[in-house]
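Here are my notes on this structure, as numbered points. Please read them with the model open beside you.

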Amino acid sequence: MKQFTSVHDVEDINALVQEALELKQNPYAFEDLGKHKTLGLIFLNPSLRTRLSTQKAAQSLGMNVMVMNMGQEGWALETQDGAIMNGTTVEHIKDAAAVMGQYCDVLGMRSFPKLQNVEEDYSEEILKKFIQYANVPFVSLESATRHPLQSLADLVTISEHAPQGRRPKVVLTWAPHVKALPQAVPNSFAEWMCAADVDFVITHPEGYELDPQFTNGATITHNQAEALEGADFIYIKNWSTYQPYGQVLTQDASWMLTNQHLVNTNNAKVMHCLPVRRNVELSDEILDGPNSLVVNEAANREFAAQAVLKRLLESIQ
Ligand SMILES: CCC[C@H](NC(=O)CCC(=O)O)C(=O)O
Ligand SMILES: NC(=O)OP(=O)(O)O
């Protein structure tokens, strides 16, 4: 594996899940694999889980880690090819990525969408240029349209808690928020669930349809109560509209999960990638109650990242 940007970079997702679970049991089993190798983590947007879990995962493999918050520490990046840089941008991504590729054996980058131009964001131009110019193995730390490390950790968590002997019912439900958020997490979760051995349902208000390239194979309904019936796992996430792009059509609080929403589920486990807007996106009574898996899910980010970094390192041995 030379890059981890989506489920399409993984030949066998179940084998990768098993590898993450084995690393969870024995995180120092490959503590020399990354010796004298350097991982660079480049953030164009904030992070807690992705930064800390990926840094720890790399260190458990013996890697050196350098982290850079480009907004506060780097030069203002120009991403348009051919730009005459006489404005506020100081360094072209072409130059910055090439230099980082000299310092690092493996690179990761986080770059959220601007949510203004769907063609620009969904072209993943920034991600593609960074990979091209850095020219080293690459892991996405969340891009404009996907968050694969989160989705792998989500599938690891579902695998750990799934009912024995039958396919679990997994529901992705939209939740209210105070501002327009990316579609990357739901896109990615949907893509991985459609590739996994689960019965997958997506529910959201009208107008919040995700790009079908990510949801092909899912059952989609605007009736949240119907979707939640018999659910084993409920994945909560807000997202802004895809078409029209980046809009907030509703903040209907009835879509926020409470214990009442769980009555007709199979005592469903509730998941969220975090950070979560408590009592807007998801209620305290669920987050602080027995059905929440959000901390287990966040813990699994470390072992999802470790399994991916192990494969990227193996590609350069
Ligand atoms: C892992 C999730 C990262 C990001 N979340 C946010 O931007 C939340 C920001 C907020 O709640 O103000 C998102 O929704 O893609
Ligand atoms: N879930 C997740 O990626 O969290 P951070 O944005 O804090 O890294």
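1. Start with a definition: rings of Phe, Tyr and Trp (for Trp, its six-membered ring) count as a pair if their centres lie within 6.5 Å; planes under 30 degrees apart are called stacked, over 60 edge-to-face, and the rest tilted. By that rule, the structure holds nine aromatic pairs. The model is predicted, so local features need pLDDT of at least 70 and side-chain atom pairs count only at pLDDT 80 or more, while totals for chains, interfaces and linings use all residues. Residues are numbered from 1 along each chain as its sequence is written, chains are lettered from A and ligands numbered from 1 in the order in which they are written, and side-chain values use heavy atoms, leaving out hydrogens and water.

2. One of the nine pairs is Tyr122 with Tyr242. Their rings are tilted, at 5.0 Å centre to centre and 45° between the planes. The pair links distant parts of the chain: Tyr122 belongs to helix H5 (residues 118-122), and Tyr242 to the loop between strand S11 (233-237) and strand S12 (269-271), 120 residues apart. Helices (H or I, at least four residues) and strands (E, at least two) are DSSP runs, numbered from the N terminus.

3. Are these two tyrosines buried or exposed? Tyr122 is buried, with a relative accessible area of 16%, and Tyr242 is buried at 13%. Buried means under 20% relative accessible area, exposed over 50%, and partly exposed in between (1.4 Å probe, protein chains only).

4. Trp174 and Tyr208 form another tilted aromatic pair, with 4.8 Å centre to centre and 45° between the planes. Trp174 is in strand S8 (residues 169-174) and Tyr208 in the loop between strand S9 (199-203) and helix H9 (212-215), 34 residues apart. Trp174 is buried, with a relative accessible area of 0%, and Tyr208 is buried too, at 1%.

5. Tyr122 and Tyr242 also belong to one aromatic cluster with Phe214 and Tyr245.

6. Now to ligand 2. Which residues are around ligand 2? They are Ser47, Leu48, Arg49, Thr50, Arg110, His147, Gln150, Cys273, Leu274 and Arg301, where a residue counts if one of its heavy atoms lies within 4 Å.

7. A backbone N or O atom of Leu48 lies 2.7 Å from one ligand oxygen atom. For side chains, the distance to an oxygen atom of ligand 2 is 2.9 Å from Arg49 and 2.8 Å from Arg110.

Key: Polar contact = N/O pair within 3.5 Å; in protein donor to acceptor, adjacent residues only side chain to side chain.
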